[in-house]
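I opened this model to look up a few local features. My notes follow in the order I took them.

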Amino acid sequence: MKAVFSTAAMAFICLFATNSQAQDQKFDPPWNKPFNDGLHFTVKGIDNVPDIYGDITDPQLVVFFAGNQFMVIDDLFAEFKKAYPQYTRIFAETLPPGILAKQIQSGSITIGNMRIAHQPDVYTAGKSKITEFADWFSLTKPYAKNKLAIMVQQGNPQHIKGLTDLGKAGVKVAMPNPEWEGIGKRIEEAYVKAGGEKLKNTIMRDKVKDGSVFLTQIHHRQTPLRILYGASQAGPVWYSEAFYQKMIGHPVELIAIPDSENIEATYVAGLMKNAPHLQAAKDFMEFMTSTKAKEIYRKFGFTTD
């Protein structure tokens, strides 16, 4: 379920990468499978918009997903349509939940030359974000969990063993910007667990200042791309993201973080009080806690209760 509009962010990663592979753009998204009907015009690095999915015209269901769940979209919507065949046109976005919240508040989002004014029927995010905007929802349901891991280049040339190694001089880190992405704040919590305020300040203040830490705007895309193209050497991510990059054969490694230093995220779906497609929203909320949906999430490295 893909769209084919332009996004400069993906091209910028390739243009600024230091690895000679940057010019062939072989790792560029979209990483999901595209629609097969009609004209398919996706140009990697130029026209791809990997976080916009499905039928932008007259959708019967609109879902705003926490961005790190982009990999489940194909399987999830395919199974939802089997369970509820009356819904053939679904539109979804998988941008960072903070960006999606701003989109809801402002009424629209513009990406390149494209303006999207759809309002969601269902919004999913981490528990804290759902709590922050509790007044938006008539119903909420938790459906999956995740934890942190470190993504590194294949072979782990920097010999990264844990979070404290990200504070070492010379290690180039891609780090989610806490201003934009909820995971950034959770990673800061993990830094404190692993090395106290000193480690957090080294990474988030000193290394940001000297340029060896790059703060991302959409880390579930930027972090793997920067690592794949050599612009960064390591990055803390959700476990599912490193798991997925390995699943699709990209040359990265997953470094586990011990539970004593890790954090756990609970993802929650919220049915919007002003959902434009109320019955579809109710059906999707029901599906998100189904056995089939949980099976799909586990396939991609998440955990479910």
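I checked helix H6 (219–228) for cover. H6 is mostly covered, with 10 of its 10 residues buried. Buried means under 20% relative accessible area, exposed over 50%, and partly exposed in between (1.4 Å probe, protein chains only). The buried residues of H6 include His219, Arg221, Gln222, Arg226 and Leu228. Helices (H or I, at least four residues) and strands (E, at least two) are DSSP runs, numbered from the N terminus. Just after H6, I found Gly230 with a positive phi of about 85 degrees.

Two notes on provenance. This is a predicted model, where local features need pLDDT of at least 70, side-chain atom pairs count only at pLDDT 80 or more, and totals for chains, interfaces and linings use all residues. Residues are numbered from 1 along each chain as its sequence is written, and side-chain values use heavy atoms, with hydrogens and water left out.

Next, the largest pocket. I read about 530 Å³ of space in it. A pocket here is an open set of points on a 1 Å grid over the protein atoms alone, where a 1.4 Å probe fits, with protein on both sides within 12 Å along at least five of seven lines; lining residues have an atom within 4 Å of a point. The lining has 30 residues, and Ser128, Lys129, Glu181, Gly182 and Ile183 lie nearest the centre. H3 gives the most to this lining, with 5 residues. H6 is among the elements that supply at least two residues each, as is strand S12 (264–272). By type, I noted 11 nonpolar, 10 polar and 9 charged residues.

Then the loop between strand S7 (137–153) and strand S8 (173–176), where His159 sits. Which residues there have a positive phi without being glycine? Asn156 does, with phi near 50 degrees, and Asn156 lies in this loop. His159 also does, at about 55 degrees. Asn156 counts as buried because its relative accessibility is 14%. His159 is exposed, at 59%. I also took a distance: the C-alpha atoms of His159 and Val171 are separated by 10.0 Å, 12 residues apart along the chain.

Last, the loop between helix H1 (8–16) and strand S1 (52–54), which holds Phe41. Pro30 is in this loop too. A cis peptide bond joins Pro29 and Pro30, with omega about 10 degrees. Phe41 is partly exposed, with a relative accessible area of 45%.

How values were computed. Points joined across faces, edges and corners; volume = space filled by probe spheres on them. Nonpolar A, V, L, I, M, F, W, Y, C, P; charged D, E, K, R; others polar.
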